[in-house]
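Visitor: I have a model open and some questions about it. Shall we go through them in turn?

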Amino acid sequence: METEEGADGPGGPGPGLGLCCASFNQDSTSLAVGTKTGYRLFSVTSVDKLDCIHESETPEVYIVERLFSSSLVVVVSQSMPRRMNVYHFKKGTEICNYSYSNNILAVRLNRQRLVVCLEESIYIHNIKDMKLLKTLLNTPSNPSGLCALSINHSNSFLAYPGSDTIGEIIVYDANNLSTVTMIPAHDSPLAAITFSASGTKLASASERGTVIRVFSIPEGLRLFEFRRGMKRYVNISSLSFSPDAQFLCASSNTETVHIFKLEQHSPSGEEEAPSWSAYVGKMFTAASSYLPAQVSGMMSQDRAFATVRLQMAGQRNVCALATIQKLPRLLVASSDGQLFIYNIDPQDGGECTLVQKHRLFGSDKEWEETNQSDMTEAPQACQSYAATVAIPTSGPVTATLTGYSEDGGAKKGEVIPEHEFAAGPVCLDDETEFPPINWCRDGSGRGKGRRP
């Protein structure tokens, strides 16, 4: 999933912030963070334990992206903001590096494509050999590097701003290298965009941060509209769908994280049990037909299904929805270097429960007592709604992807399950974790064997 919104570009974070960047991998099973002294990769598959699976002393990293649960990691540092380095972190080797004409603002990747976003251009690479397939030049000014890439390699759609004055979204087919559609999403410039795991939905928010909209892909039809708030404008820093695309979370510079439920309301005649809220809803629907379109649209917008009130405000946060230990969780990585894990009640919503928090850098010992005293409820309380978790009994047919070997060895051609459709995390051998990226920009193979 595209949740990397933690970097403020090559300039790095503001004064006093602990993290230079934070990003969840495509299926939210891993968290990557960068600081002034290095970067870390964490496994996020347990509530109580946060395992650091890799640590590097590469200084001032402001972009770090991991490809699913593989050993492939992409790193950009402030010392060389125009250079992208691709590493195999388990072997401690550099696979390749690539330099661009301007500072790199964002990197997105799936099993087919690697996308590099500059302020006024976008580069699309074939991830199997890192060959440049397409350069989108003279794109609208995009100083924050806002873009999203679907994690589904079959629907490998790329989204980026189509204007720097209004909220237009260009949807581009990164497989066929052609423009799909332009979506007039908002009146003001875009602040956040993200795809669902299947690549069939796209969520967006503008710089005002009051309305979040969801569109069908590739048609570009508006499916849902959610109102985050009306009293004040906010800076939405990240949007993230749940794996089944039934929920959407949004974090901002305020203390509140909103979770919206994507469900079509049943016709009024099919309601099982009348209630006061249903009656009021009918009255609003009837009244909206007599009001101006702008007002009636505001009344039809859905509010948050669930919310989280963080312990701090004014910081940049990255959020993700994931299923951890068979329960739905909300993950929030804050710029002061903490990961918060909350329980979500998928039936009733409401205020989410903080069950654990972890320190992402520094000494863990000095945080143990603080963590215990700040827990509002014991972790075992999360089992109270285990039966309500909506896990589909039958999902899409498991897709397959031909495995690759870096050196073209005996394992080449082995069929492995495609990660985003797998029932659980896929643990692959190093030789088949990623396509054979063994080419450098100058073709010499220079840089192999370097330590990340």
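Visitor: How many disulfides does the count come to?
Guide: This is a predicted model. A disulfide needs a pair of cysteine sulfur atoms within 2.5 Å. By this rule the count is 0.

Visitor: Which cysteine sulfur is nearest to that of cysteine 249, and how far away is it?
Guide: Cysteine 249 is in no disulfide. Cysteine 319 is in no disulfide either. The nearest sulfur to that of cysteine 249 belongs to cysteine 319, at 3.2 Å.

Visitor: Is cysteine 319 buried or exposed?
Guide: Buried means under 20% relative accessible area. Cysteine 319 has 0% relative accessibility, so it counts as buried.

Visitor: And cysteine 249, buried or exposed?
Guide: The cut-off for buried is under 20%. Cysteine 249 is at 0% relative accessibility, and therefore counts as buried.

Visitor: With which side chain does the side chain of threonine 256 make a polar contact?
Guide: Threonine 256 lies in strand 23, residues 256-261. Threonine 256 is buried, at 8% relative accessible area. Leaving out residues up to four places away in sequence, it touches Ala250, Thr307, Val308 and Arg309. The polar contact, at 3.2 Å, is with the side chain of arginine 309.

Visitor: What is the mean pLDDT of the protein chain?
Guide: Of the chain's residues, 67% reach 70 or more. Over residues 1-17 the pLDDT is below 50, though this stretch has 67 contacts beyond near neighbours in sequence. Where pLDDT is low, the predicted coordinates should not be read in detail. The mean for the chain is 76.

How values were computed:
Residues numbered from 1 in each chain as written. Predicted model: local features only at pLDDT ≥ 70, side-chain atom pairs only at ≥ 80, totals over all residues. Heavy atoms only, no water. pLDDT = per-residue confidence, 0-100. Contact = heavy atoms within 4.5 Å. Buried < 20%, exposed > 50% of the residue type's maximum accessible area, 1.4 Å probe, protein only. Helix = DSSP H or I, 4+ residues; strand = E, 2+ residues; numbered from the N terminus. Polar contact = N/O pair within 3.5 Å; in protein donor to acceptor, adjacent residues only side chain to side chain.
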